[in-house]
Amino acid sequence: MSNMEANILRQLYKQYAGSEPTEVAELPGAGSNRRYFRLKGAQTLIGVLGECVEENRAFIYMDRHFAAKGLPVPKVLCKSDDDMAYLQEDLGDTLLFEAIEKGRKTRVFSDEEKSMLSATIKQLCEFQFLGADGMDFSNCYPSPEFNRRSIFWDLNYFKYCFLKTTGLEFSESKLEDDFQRLADVLLRSSSATFMYRDFQSRNVMIKDGKPWFIDFQGGRKGPFYYDVASFLWQAKANFPDSLRRQLIGEYITALRKYKPVDEEYFYSQLRHFVLFRTLQVLGAYGFRGYFEKKPHFMQSVPFAINNLRQLLKKPYVEYPYLNQVLSELVNMSQFTDEIQKHALTVRVMSFAYKKGIPNDTSGNGGGFVFDCRAVNNPGKYDRYKPFIGLDKPVIQFLEDDGEILTFLDHAYALVDASVKRYIERGFTNLMVCFGCTGGQHRSVYSAQHMAEHIHSKFNVKVELVHREQNIEQTFNPK
């Protein structure tokens, strides 16, 4: 910090607190070019130096408006005459992003973490509706509202700062046609609510166990869907789908205090905003990462690509060419190689108990072992002894008898639950074994059907081994 910058903040501090600060320390930077400082002395305050006077004025106006509504924001206490510097309340150092770190890394969120997220998304609804009441949106910067022009700013941001940097070939004309269609869909949700725009866990602080909102200077009038998409699909927040659904439900409950909600339409429209927000975020990551060389943004790209990959599992038929381009994008080797390192592989084996339970070569120490010996055994009949559980006579015997079908239904339920959680938590290996007396009929039938079931339902890599027949088969993800 230069002496001139230090003097500006020191003067503001003295003007407000009545004495010089004893310490001025710069805080770590974030995505914007704004700089933050902690000033200690008679009081501990946060000093802000901005590079854009219009952005500063937008923040100061909105902050005072929100504070007057009783919303949890750090109050601006004083500012310089030119609006390039100001002091605000110190909320501490705990970002929501850091408070949920264990959940983000394991994808298993504690009750305390879920409680903070729940309180945040409910407060968001208050912010959007109460915050809009009486607000003069002409004070917003760079745009007073979410409109077609601002939509295309973000879509072109994605096209030029991210998509073109990948080297993927595409038709700009066809892509522009689908951008127009996407804009039409987004604009049918216009509302007179406050749209935070960059609402994510790095822009929420936790003080005394409660959420406080910061960095809303880019806000404007716009649809509430955008902030829900921004928060719940934040790339590095790493929320599992089950938690997203829970938080959306809590948001809808809060929303009903202000307007009637058609849940089917809500989810349908939210899906388009999630796509749009994901593209906007990739544009920002491209600019901040590829052009400004900020490593934090580069590290976030794989998470955002994975979000996009999950979204495309249900194609966006409204935008056929955009959907095609995005499908090619997420399957480019620079994005798939890293994902494959962390993808789940399920190893399914059949074996004979008399030769021992198979070892788990992944190093996980084992997994499910299902004992098929209680199921009626075709091997006790001479006519089935030449066959194995892949052959039609054995299949017909087992299925006509029916015991194995009930047995597998129970096995499917147990294994499905684990596969789902393993995928959510980013685990890479699961082993499922089926044993019978000779490892020839019942276990082979069961292992074969389990492998096919897992691959069909979850589209993960499945390695199937019938140990006693020395038969191996691999089911690769589509």
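I looked up Ile 404 and found it in contact (heavy atoms within 4.5 Å) with Val 375, Leu 398, Arg 442, Tyr 445 and Ser 446, leaving aside neighbours within four places in sequence. I note that this is a predicted model, where local features need pLDDT of at least 70, side-chain atom pairs count only at pLDDT 80 or more, and totals for chains, interfaces and linings use all residues. Residues are numbered from 1 along each chain as its sequence is written, and side-chain values use heavy atoms, with hydrogens and water left out.

I placed Ile 404 in helix α15, residues 403–425. Helices here are DSSP runs of H or I, at least four residues, and strands are runs of E, at least two, numbered from the N terminus. Is Ile 404 buried or exposed? It is buried, with a relative accessible area of 0%. The cut-offs are under 20% for buried and over 50% for exposed, with partly exposed in between (1.4 Å probe, protein chains only). I also checked Phe 129: C-alpha to C-alpha, Ile 404 is 57 Å from it in space, and the two are 275 residues apart in sequence.

Next I traced a sheet. It is open, has five strands in the order β11-β12-β10-β13-β14, and its pairing is mixed. Strands pair if DSSP finds at least two bridges between them. β11 (368–371) and β14 (471–475) are the edge strands, each pairing on one side only. Neighbouring strands are turned by 15° against each other on average, direction ignored. I found β11 and β12 (residues 429–436) running parallel, joined by four bridges. Val 369 has Cys 433 in β12 as its bridge partner. Helix α16 (residues 442–458) packs on this sheet and touches β10 (345–352), β12, β13 (461–466) and β14. Its direction makes about 170° with that of β10; axes are lines fitted to C-alpha atoms, for helices over the stretch in contact, and angles run from 0 to 180 degrees between N-to-C directions.

Last, I turned to Asp 227, in helix α8 (residues 225–232). I found eight of the eight residues of α8 buried. The side chain of Asp 227 does reach the backbone nitrogen of Arg 197, at 2.9 Å. Residues touched by Asp 227 include Leu 124, Gln 128 and Phe 194.

Methods:
Polar contact = N/O pair within 3.5 Å; in protein donor to acceptor, adjacent residues only side chain to side chain.
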